[in-house]
Amino acid sequence: MTGTTICALATGQGGAIGVIRVSGPNSVNIADRIFSSPKKHFSLLQVAPYTLHYGDIVDDDKQVVDEVLLAVFRAPHSYTGEDSVEISCHNSLYITQRIQELLISHGCHMAQPGEFTQRAFLNGKMDLSRAEAVADVIASTTQASHSLALNQMRNGFSVEFNNLKDKLLHITSLFELELDFSDHEDLAFADRTELSALLHDLKAHLHRLVHSFQQGNVIKNGLPVALVGDTNVGKSTLLNAILEEDKAIVSHIAGTTRDSIEDTVTLSGYLFRFIDTAGIRDTEDTIEKIGIERTFQKISQSQVVVWMVDGIKCTKGEDLLQVSEYISKVVPSGKVVFLVINKWDEVSDKDRTTIEHSLAKTGYPSMVLSAKTGEGLSCLKEALVSYVRELSGHSEGYIVSNLRHYEALQSALLCVERAEVAMSRQLPSDLIVQDLRECLYHLGEIVGEISSSDIIHNIFSKFCIGK
């Protein structure tokens, strides 16, 4: 890979300027063949690195393709760690394609998705966790996800990895010293009390990282919020009000929503995935039954459940305590439930007092609103944002948002737990060392110290071309 020179358009269509990136041992030489400067006797091969040059891109017949600015970078101080050139041209589809054709005709190869970042990883410019964060920065859609990805791109898992690695190597080296002198049964280099404390600290550190995946996943992919309740309580109306568009069909006919409808919205810099579900009721309609089954699936998949109750039915005797008891039966423990009374605009002042008194007894965070008029809608949004902020604020230090990292950390944690059990049972040192070595292996997978070509290919194939 590193023996070839690659090129690709690094910017999307639609803007005024396009940037074509070239990287590899012949990048400056190839660019020099198609670049013409107004300066006499000019050659890109002679220019200082990290300089910008004005001129024309010309074809083999010396016909001008475009006026450009061309930046030159020299190895190892470039994004990829190789000699590189970046050509800023007018973002015409014809111009960008023509320049790439000229580069290819003089020896370049078209870059594969993620190949520039892959070369940066292979050349030691960044570890694998930082490389993956580059893709997350590009894909970020909110302020929170951008901040998380940017922090991971700058620091990656390297700081955490080195911290954990130092602890592991210290413990492992003491055990391995004992193995080297195994013929002396009474010789122990490792104080078991100290090692137990170190293993306990290591387990706590890994557990915090594993636990932070919940926060990281919410920031990166959005908080899943299920809108649940009986038929005709206004779930679809609420979804439309939050999204500020007519996403879901609203009708007075019960059971209109037969399937789940999902969409995302950003509130105060955080991404939320709202899920409108089929109303829960007894029915003989086969299709509606399937929709209700999916409602319970969405409840289990969501992190927050907004359980809606019809305010008009409350004035006619619907018992909120019975509703709360039903919620406790069908919503798995660990889920956050907001009990919301809708159609508040149609409830009299006298009935409002009664309902609010009953709400206080349910034990659930509750609020009242009118999805139709928007009254109280801001309270629900603020409650959801506050929950995400609190969730995000609970994790100190590095936050895990990558599923591959999460799985590797889980495996590492399991190894440490096994080592801790082995220590408590006074098992032989070689068994403990094996668990510690496996832990190091799984941590090394995250930063790329240990990785197969299949893993590398899978990671970078998901990047966009030009990055």
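**View 1. Charges of the predicted chain.** The mean positions of the 42 positive and 61 negative charges lie 4 Å apart. Lys and Arg count as positive, Asp and Glu as negative, and His and the chain ends are not counted; each charge is placed at NZ of Lys, CZ of Arg, CG of Asp or CD of Glu. The model is predicted: local features need pLDDT of at least 70 and side-chain atom pairs pLDDT 80 or more, whereas totals for chains, interfaces and linings use all residues. Residues are numbered from 1 along each chain as its sequence is written, and side-chain values use heavy atoms, without hydrogens and water.

**View 2. Fold and burial.** The chain has 16 helices and 13 strands (DSSP runs numbered from the N terminus: helices are H or I with at least four residues, strands E with at least two). Of its 467 residues, 48% are buried, where buried means under 20% relative accessible area, exposed over 50% and partly exposed in between, with a 1.4 Å probe and protein chains only.

**View 3. An aromatic pair.** Six aromatic pairs are counted in the chain; rings of Phe, Tyr and Trp (its six-membered ring) pair if their centres lie within 6.5 Å, with planes under 30 degrees apart stacked, over 60 edge-to-face and the rest tilted. One of them joins Trp 307 and Tyr 326 edge-to-face, at 5.9 Å centre to centre and 75 degrees between the planes. Trp 307 belongs to strand E11 (residues 304-310) and Tyr 326 to helix H11 (residues 320-330), 19 residues apart.

View 4. Trp 307 counts as buried because its relative accessibility is 3%. Tyr 326, at 35%, counts as partly exposed.
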